[in-house]
Amino acid sequence: MDYNEILEKARGRVAPYCKACPVCNGIACAHNMPGPGPKQPGNGAARNYEAWQRVFVNMDTICSNDAPDTTFKLYGHEFSLPVFIAPVGGVALHYGDDYNDFTYNDVIIPAAAECGSAAFSGDGVDPEVMKRASATMAQLGGMGIPTIKPWNIEAVEEKLDILNSRGIFAAAMDIDGAGLPFLKAMNPNAGSKSVAELSEIIKYAKMPFIVKGIMTVRGAEKAVEAGAAGIVVSNHGGRVLGQTRASADVLPEIAAAVGGQTTIFVDGGLRNGVDIFKALALGADAVLIARPFVTAVYGAAEEGVRVLYAKYLSELKDTMTMCGAHSLDEICADMVHVGA
Ligand SMILES: Cc1cc2nc3c(=O)[nH]c(=O)nc-3n(C[C@H](O)[C@H](O)[C@H](O)COP(=O)(O)O)c2cc1C
């Protein structure tokens, strides 16, 4: 099955809000929440996508003819490619009843590991979601990255107790979930974390801790100060705040400020191996991709995940070959051009 056939199968299953578009560019789903669209004014996902279209790759094939090596080392583990499945929660609400948070994670976590990658799992109001996701990861030697919402410290530590006991590879927090109404309604109140609180959480975690939802140099510096092993440059696909800058636009300045001090991931509108190459050239170490994996799962379950990873791998290798990069470390700013 190829990717277009998978999309064809997904269409209808992910309806009414997601249209399983040939390119997931945030246009058909603008304003659709529930659904995969962004918060008002509704253009956050499309702007993320468009920002990558303003980055061009510089072709240069006068170089040695060695095969490109896409292997990526992270926290002592070697992955086949620098691409991870981003966390998605509320799957049934946003995409329809064929899957829910449990069954979606049941598919992506093992399938990502099988492809030499890893899935970030989402968190939600039901604590059982993270318990089951981390149990699945434990069966895979801990491979996966549960993403915890910024609950109050006691609730976060309770979740980390489970992850610590299961030998999970890495944990994350979508710190930009701070404004979500269900967190604000909690008692004790949940939401934004100070550097001291974040530092306490990171120290409590026995595994590398990644902070997702960084959109400014200052935010990145604070995450590093708190001890984050990684940051995800991400605006949550525009779902938590309208009118932020695109992730591609803030990535270079964040990479200039904290590159080398923490692992830099980026997400938002990356849709093929050329985009992945551009992200690495602009300073990311690796990328996360969310929505295309959801449609792939609704279309063809584990096979959908495998097909999408194979597509990204082949496109990334092709771009590396055509731009003269033989390893991920060789991908650099000179290999892209931002602008017309
Ligand atoms: C329906 C939906 C639910 C999401 N749930 C979460 C979540 O629980 N935690 C999180 O950190 N990000 C969540 N995200 C954001 C994604 O992880 C990702 O940051 C965003 O979609 C941008 O990537 P993309 O353009 O590849 O989809 C969600 C996104 C969507 C569309």
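Me: Is Lys73 buried or exposed here?
Reply: In this predicted model, Lys73 counts as exposed, with a relative accessibility of 65%, which is over the 50% cut-off for that class.

Me: And what does the Lys73 side chain meet in a salt bridge?
Reply: The partner is Glu78, with an N to O distance of 3.4 Å, and Glu78 is itself partly exposed, at a relative accessible area of 45%.

Me: How many salt bridges does a search of the whole structure find?
Reply: The search finds 14, and one of them joins Asp275 to Lys278, whose closest N and O atoms are 3.4 Å apart.

Me: Which residues line the second largest pocket?
Reply: Lys73 turns up again in that lining, along with Asp69, Thr71, Phe72, Leu280, Ala284, Asp285, Ser327, Leu328, Asp329 and Ile331; by class, the lining has five nonpolar, two polar and four charged residues, and the pocket has a volume of about 260 Å³.

Me: Switching to the ligand, which residues are the closest?
Reply: Of the 22 residues that surround the ligand, the closest are Pro87, Asp267, Gly269, Arg271 and Arg291, and the shell as a whole divides into seven nonpolar, eight polar and seven charged residues.

Me: What about polar side-chain atoms and oxygen atoms of the ligand?
Reply: Lys212 places a polar side-chain atom 3.0 Å from a ligand oxygen, while for Ser234 the corresponding distance to an oxygen atom of the ligand is 3.4 Å. A nitrogen atom of the ligand lies 3.1 Å from a polar side-chain atom of Asp174.

Me: How much of the ligand does the protein bury?
Reply: The protein buries 98% of the 610 Å² that the ligand exposes when taken alone.

Technical notes: Residues are numbered from 1 along each chain as its sequence is written. This is a predicted model: local features need pLDDT of at least 70, side-chain atom pairs count only at pLDDT 80 or more; totals for chains, interfaces and linings use all residues. Side-chain values use heavy atoms; hydrogens and water are left out. A residue is near a molecule or strand if one of its heavy atoms lies within 4 Å of it. A polar contact is a pair of N or O atoms within 3.5 Å; within protein, one must be able to donate a hydrogen and the other to accept it, and residues adjacent in sequence count only if both atoms are side-chain atoms. Accessible areas come from the Shrake-Rupley method with a 1.4 Å probe; for residues, only the protein chains shown count as cover. Ala, Val, Leu, Ile, Met, Phe, Trp, Tyr, Cys and Pro count as nonpolar, Asp, Glu, Lys and Arg as charged, and the others, Gly among them, as polar. On a 1 Å grid over the protein atoms alone, a cavity is a set of points where a 1.4 Å probe fits but cannot get out, and a pocket is an open set with protein on both sides within 12 Å along at least five of seven lines; lining residues have an atom within 4 Å of a point. Grid points are joined across faces, edges and corners, and a volume is the space filled by probe spheres set on the points. A salt bridge is a side-chain nitrogen of Lys or Arg within 4 Å of a carboxyl oxygen of Asp or Glu. Buried means under 20% relative accessible area, exposed over 50%, partly exposed in between (1.4 Å probe, protein chains only).
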